[in-house]
Amino acid sequence: MNQPTELSLEQQFSLKIFADQVQQMSHEQAQEFLLMLRKQMMMQETMYQKFLRHEWKLDVDAFSV
């Protein structure tokens, strides 16, 4: 797990397309996009945490059975 994770060729291509799109954004568009992206990342992290708590039976409902 100490090895750095490499992007697949498909992911690298997707990242290049994304970079090209970002380059065409205005400063304001880029700022708005970054805020939206950060919010989505935080929501995704929360969903992963809830999923793992449920799968590992660490959620509160699991103890009330």
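One salt bridge is found in a search of the whole structure, a salt bridge being a side-chain nitrogen of Lys or Arg within 4 Å of a carboxyl oxygen of Asp or Glu. The model is predicted, so that local features need pLDDT of at least 70 and side-chain atom pairs count only at pLDDT 80 or more, while totals for chains, interfaces and linings use all residues. Residues are numbered from 1 along each chain as its sequence is written, and side-chain values use heavy atoms, with hydrogens and water left out. The bridge joins the side chains of K16 and D20, with an N to O distance of 2.8 Å. Both residues lie in helix α1, four residues apart, about one turn of the helix; helices (H or I, at least four residues) are DSSP runs numbered from the N terminus. D20 has a relative accessible area of 34% and is partly exposed (buried is under 20%, exposed over 50%, partly exposed in between; 1.4 Å probe, protein chains only).

The structure also holds one aromatic pair. The ring centres of F18 and F33 are 5.6 Å apart and the planes stand at 45 degrees, so the pair is tilted (centres within 6.5 Å; stacked under 30 degrees, edge-to-face over 60, tilted for the rest). Because F18 belongs to helix α1 (residues 9-23) and F33 to helix α2, the pair ties together parts that are 15 residues apart in sequence. F18 is partly exposed at 34% relative accessible area, and F33 is partly exposed at 21%.

W56, in the loop between α2 (27-55) and α3 (60-63), is exposed, with a relative accessible area of 57%.

Note on methods
Helix = DSSP H or I, 4+ residues; strand = E, 2+ residues; numbered from the N terminus. Phe/Tyr/Trp six-rings, centres within 6.5 Å; stacked < 30°, edge-to-face > 60°.
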